[in-house]
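Let's take a walk through this structure together, starting with the overall layout and ending with a few individual side chains. Keep the viewer open as you read.

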Amino acid sequence: MNNFTECTFTNSTVRLDNNKYFKCKFEKCIIEYAGEGPIGLDSCSFSGCEWVLVGYARNTLNFLGSMYHGMGEFGQEMVEATFANIKKPQNA
């Protein structure tokens with residue numbers, strides 16, 4: 001895992017997977033997450049950035065969309081329960 005501390009990224013594409021960022025600034029960047037490894041974001045700031053899910057992360061989002069729209073009430077309840085679980089505090 002790569003560690004970045006107090007770095008500024010401007011007008012670039014930044015892949016979050018397998019990287020830790022501490023007190024970094026992201027300005028007008030494309031922020032990619034692929035679901036290929038752990039990430040760390042601590043005390044970072046983002047200005048004018050675009051967030052993009054690619055690879056495994058995009059596949060997961062597509063799967064949730066298929067469940068929600070293609071599996072009737074059961075699928076909708078499963079997706080809503082997933083998002084409710086995500087919204088809970090991490091140590092709850």
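Read from the N terminus, the elements of the protein chain follow the order β-β-β-β-β-β-β-β-β-α-α. That comes to nine strands and two helices. Please keep in mind that this is a predicted model.

How spread out is the protein chain? Its radius of gyration is 16 Å, whereas the globule rule gives 12 Å for 92 residues, so the chain is more spread out than a compact globule. Along its principal axes, the C-alpha trace spans about 45 × 30 × 25 Å. Of the 92 residues in the protein chain, 23% are buried.

Now turn to the sheet. Three strands build an open sheet, in the order β2-β5-β8, with parallel pairing. On its edges you will find β2 (8–10) and β8 (45–47), each of which pairs on one side only. On average, neighbouring strands of this sheet are turned by 10° against each other, direction ignored. One place to look is Phe9, whose bridge partner in β5 is Phe26.

Most residues other than glycine have a negative phi. Lys23, however, has a phi near 55°, a positive value in a residue other than glycine. Lys23 sits in the loop between β4 (19–22) and β5. Is Lys23 buried or partly exposed? With a relative accessibility of 42%, Lys23 counts as partly exposed, because that value falls between the 20% limit for buried and the 50% limit for exposed. Ser43 also has a positive phi, near 60°. You can find Ser43 in the loop between β7 and β8.

From the backbone we can move on to charged side chains. How many salt bridges does the structure hold? There are two. In one of them, the side chains of Glu32 and Arg15 meet at 3.1 Å, N to O. Glu32 belongs to strand β6 (residues 30–33) and Arg15 to strand β3 (residues 13–15), so this pair ties together parts that are 17 residues apart in sequence. Glu32 is buried, at a relative accessible area of 18%, while Arg15 counts as partly exposed at 31%.

Arg15 also forms a salt bridge with Glu36, where the closest N and O atoms are 3.6 Å apart. This pair links distant parts of the chain, from Arg15 in strand β3 to Glu36 in the loop between β6 and β7, 21 residues apart. Glu36 is partly exposed, with a relative accessible area of 48%. Through shared partners, the salt bridges join Arg15, Glu32 and Glu36 into one network.

Our last stop is on the surface. Which residues form a nonpolar patch there? They are Ile39, Leu41, Phe46 and Trp51, which together have about 370 Å² of accessible area. Ile39 lies in strand β7 (residues 39–42). With a relative accessible area of 40%, Ile39 is partly exposed, so it passes the cut-off of over 30% that is used for patch residues.

How values were computed: Residues are numbered from 1 along each chain as its sequence is written. This is a predicted model: local features need pLDDT of at least 70, side-chain atom pairs count only at pLDDT 80 or more; totals for chains, interfaces and linings use all residues. Side-chain values use heavy atoms; hydrogens and water are left out. Two strands pair if DSSP finds at least two bridges between them. Helices (H or I, at least four residues) and strands (E, at least two) are DSSP runs, numbered from the N terminus. Axes are lines fitted to C-alpha atoms, for helices over the stretch in contact, and angles run from 0 to 180 degrees between N-to-C directions. Patches are made of residues with over 30% relative accessible area and no salt bridge: like charges are joined within 9 Å, nonpolar side chains (Val, Leu, Ile, Met, Phe, Trp, Tyr) within 5 Å. Accessible areas come from the Shrake-Rupley method with a 1.4 Å probe; for residues, only the protein chains shown count as cover. A salt bridge is a side-chain nitrogen of Lys or Arg within 4 Å of a carboxyl oxygen of Asp or Glu. Buried means under 20% relative accessible area, exposed over 50%, partly exposed in between (1.4 Å probe, protein chains only). The radius of gyration is taken over C-alpha atoms; the globule rule is 2.2 Å times the number of residues to the power 0.38.
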